[in-house]
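I open this notebook to record, entry by entry, what I looked up in the structure shown below.

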Amino acid sequence: MSVYSRVATGSAEVLAERQRVAVRKAVGALDAVGKLGFRVWVVGSLAKGRFNVHSDIDFVVDCPTNREYDAFRAIERIMGDFPFHMVPFQRLEQDAIPFMMEGALDASGILVRQAKD
Amino acid sequence: MHPEFSFAKRKIEEVKTEFAFACEAELSVIPSMLAQETAVAIKSVSALRASSIEGVYTGLEGVLKEVLSVVDDGVSSAGDSWHARLIAQAADANSQSGRSAIITADVYAALDRLRAFRHIERNVYRHLLRHESVRENFDLMKGVFPTFIQQVEEFIEGYRFDERQNDIPNESAAGEIDRPVAVEPTTEIDQNADEASDDVAPRKP
């Protein structure tokens, strides 16, 4: 096996492990925010199947402005050291919503995506 | 003040300047912007206030980072939860060294809300900021800042390096010594919980 093959294999293993962790945490965070009564999605690279070793997890949460703190803390509690971004749905511009929400997934969608990948 | 706190003291002065700038803008610039009563003026006010919150909050983090680097040898996390752990660590007593909490639970709670605001503010375009939400957080920042500074300055002035547990000389050699009372850590970190293991909020006293 060449050096390049070994590096590629190692990278694939690291990526697979990181993606497993990402999916587990994403599902947990979606569940936690859902229990607060808010709609929430994973968007971006994890949802679109373009996750890589440097990717973070992007969440869009549909909640009142005065509950954004609660949603943030619910996600953060699950994510721990895993990098994430939370964007409130109501802060999205109308013309940005189709782009931002393209491929958006809920918890079951994330698991289906993982199975495909 | 002990010389080891010199850098922290410098950071305190810097953030005081940042805070004074935010307050001055609030008094001398923002009223005239709001008087225009246009959408762009209101959005600009929100953008200015949000930027002030971010600047002051980041400054507060710098202060705590320097203080904790002296008294705890740093923050117990280098990952993405660093920002959360920074203020949680400052709000907790250190049972290892015997140091007291640097900030109270009330100040912690306010800072944690500002931290969440900064996260969201950094992830949305400025013109999409909610005016009321920004104003509420700005008022929160204005309210907590003097208390925060007072608590940190009192901590620095009252901190005694010779009382650190780690610095206590061998008892047999030093004879009778007053040990600092070890304070139980109050940070809620459930080490057994898989998903929830990174909750770092300290308990209310």
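**Entry 1: a helix pair in chain B**

I began with the residues by which α1(B) meets α3(B): B:Phe7, B:Ala8, B:Lys11, B:Ile12, B:Glu14, B:Val15, B:Glu18, B:Phe19, B:Ala22 and B:Ala25 on the side of α1(B), and B:Leu48, B:Ser52, B:Gly55, B:Val56, B:Gly59, B:Leu60, B:Gly62, B:Val63, B:Glu66, B:Val67 and B:Val70 on the side of α3(B). I sorted this contact by class and recorded 13 nonpolar, four polar and four charged residues. I noted that the model is a predicted one.

I then looked up the geometry of the pair. Helix α1 spans residues 6–28 of chain B and helix α3 spans residues 39–71 of chain B; they pack at an angle of about 165 degrees, and their axes are 9 Å apart. Since angles over 145 degrees count as roughly antiparallel, α1(B) is therefore roughly antiparallel to α3(B). The crossing of α1(B) and α3(B) is left-handed.

**Entry 2: confidence**

For the complex, the predictor gives an ipTM of 0.78 and a pTM of 0.79. Chain B has an average pLDDT of 82, and 79% of its residues score at least 70. I marked residues 167–199 of chain B, where the pLDDT is below 50; this stretch has 46 contacts in the model beyond near neighbours in sequence.

**Entry 3**

I listed the elements of each chain. Chain A has five helices and three strands, and their order along the sequence is α-β-α-β-α-β-α-α. For chain B I recorded seven helices and zero strands, in the pattern α-α-α-α-α-α-α.

I also looked up burial and contact range. In chain A, 34% of the 117 residues count as buried; in chain B, 33% of the 205 residues do. Of the contacts in chain A with a separation of 6 or more, 71% are between residues 24 or more positions apart. For chain B, 68% of the contacts between residues at least 6 apart in sequence join residues at least 24 apart.

**Entry 3: where the chains touch**

**Entry 4: α5(B) against α6(B)**

I followed α5(B) to a neighbour within chain B. With helix α6 (residues 131–158) of chain B, α5(B) packs at an angle of about 135 degrees, the axes being 10 Å apart. The two helices, α5(B) and α6(B), are therefore oblique to each other. Their crossing is left-handed.

I wrote down the residues of the contact. From α5(B) they are B:Val107, B:Ala110, B:Leu111, B:Arg113, B:Leu114 and B:Phe117; from α6(B) they are B:Asn137, B:Leu140, B:Met141, B:Val144, B:Thr147, B:Phe148 and B:Gln151. By class, the contact of α5(B) with α6(B) has nine nonpolar, three polar and one charged.

**Entry 5: an enclosed helix**

Why is helix α4 (residues 82–91) of chain B described as largely enclosed by the rest of the structure? I found that nine of its 10 residues are buried, so α4(B) is largely enclosed. The buried residues in α4(B) are B:His83, B:Ala84, B:Arg85, B:Leu86, B:Ile87, B:Ala88, B:Gln89, B:Ala90 and B:Ala91. I checked what covers them and found that the cover includes α3 (68–79) of chain A, together with α3 and α5 of chain B.

**Entry 6: two loop residues with positive phi**

I ended with the backbone angles of two residues. B:Glu37 is not a glycine, yet its phi is positive, at about 55 degrees. B:Glu37 sits in the loop between α2 (30–35) and α3 of chain B. Is B:Glu37 buried or exposed? B:Glu37 counts as exposed, because it has 8 C-beta neighbours inside 10 Å.

B:Asp73, a residue other than glycine, has a positive phi near 60 degrees. I located B:Asp73 in the loop between α3 and α4 of chain B. B:Asp73 has 11 C-beta neighbours inside 10 Å and so counts as exposed.

Key. Residues are numbered from 1 along each chain as its sequence is written. Chains are lettered from A and ligands numbered from 1 in the order in which they are written. This is a predicted model: local features need pLDDT of at least 70, side-chain atom pairs count only at pLDDT 80 or more; totals for chains, interfaces and linings use all residues. Helices (H or I, at least four residues) and strands (E, at least two) are DSSP runs, numbered from the N terminus. A residue is buried if 20 or more other C-beta atoms lie within 10 Å of its own, exposed if 12 or fewer, and partly exposed in between; C-beta atoms are placed from the backbone. Two residues are in contact if their C-beta atoms, placed from the backbone, lie within 7 Å. Axes are lines fitted to C-alpha atoms, for helices over the stretch in contact, and angles run from 0 to 180 degrees between N-to-C directions. Angles under 35 degrees count as roughly parallel, over 145 as roughly antiparallel, 65 to 115 as roughly perpendicular and the rest as oblique. A crossing is left-handed if the near helix is turned anticlockwise from the far one by less than a right angle, and right-handed if clockwise. Ala, Val, Leu, Ile, Met, Phe, Trp, Tyr, Cys and Pro count as nonpolar, Asp, Glu, Lys and Arg as charged, and the others, Gly among them, as polar. pLDDT is the predictor's confidence in each residue, from 0 to 100.
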